[in-house]
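Welcome! Take a look at the protein below, and then let us walk through it together.

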Amino acid sequence: MVARRLVERGVRFVQVAAGGWDHHGDLARALPARAGEIDGPAAALIKDLKQRGLLDSTLIIWGGEFGRTVTKDRNGNASPGRDHNGRGFCSWMAGGGVKGGMTYGATDEFGARAAENKVHIHDLHATILALLGFDHTKLTYRYNGRDFRLTDNFGNVVKDIIA
């Protein structure tokens, strides 16, 4: 509710932190509980913004910095958990110029690594910047004799997800 109220009042960037996803142990109890705390509020935010005509101008991004292995192991814990996995993970986006109701990309049959329509982190950043109205190739600055940009001189906009 606070996030929606900030958007209504014109705040241009709102971050809602929802930590506690590092389930190296006790996965069977911890993951459903954590997901249950997020599902309702995330859906309510989207619904509230849509009802107020603010969803089209508000980009919502949900994700983390890596995925999780598909297998559980004890990893020194009494009950199983999952380790970090940078080869296959997901994030979701809503509003702000993103096509609704679609999935882009897929993992292999085990869910262990990206296999179809892979999106590098530079591509994700370039796409977010495009949705915010920036051309990531023009956000370049020179430092120590080398050109840099927010996407580290890489990245392609994933046009298939843009409405």
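Here are some questions and answers for a first visit.

This is a predicted model, in which local features need pLDDT of at least 70 and side-chain atom pairs count only at pLDDT 80 or more, while totals for chains, interfaces and linings use all residues. Residues are numbered from 1 along each chain as its sequence is written, and side-chain values use heavy atoms, leaving out hydrogens and water.

Q: Which pattern does the protein follow along the sequence?
A: Helices (H or I, at least four residues) and strands (E, at least two) are DSSP runs, numbered from the N terminus. The protein has three helices and eight strands. Read along the sequence, they give α-α-β-β-β-β-β-β-α-β-β.

Q: What span does helix H2 reach from its first C-alpha to its last?
A: Helix H2 covers residues 27–51, which is 25 residues. The expected span of a helix is 1.5 Å times one less than its number of residues. For H2 the expected value is 36 Å, and the helix comes close to it, reaching 36 Å.

Q: What covers the buried residues of H2?
A: Buried means under 20% relative accessible area, exposed over 50%, and partly exposed in between (1.4 Å probe, protein chains only). In H2 the buried residues are Leu27, Ala30, Arg34, Ile38, Ala42, Asp48 and Leu49. Their cover includes helix H1 (2–8), strand E1 (59–62) and strand E4 (92–95).

Q: Is Asn117 buried or partly exposed?
A: Asn117 sits in the loop between strand E6 (114–116) and H3. Its phi is positive, about 50°, although Asn117 is not a glycine. Because its relative accessibility is 38%, Asn117 counts as partly exposed.

Q: What is the relative accessible area of Asp152?
A: Asp152 lies in the segment after strand E8 (146–149). Its phi is also positive, near 55°, in a residue other than glycine. Asp152 is partly exposed, and its relative accessible area is 28%.

Note on methods: Contact = heavy atoms within 4.5 Å.
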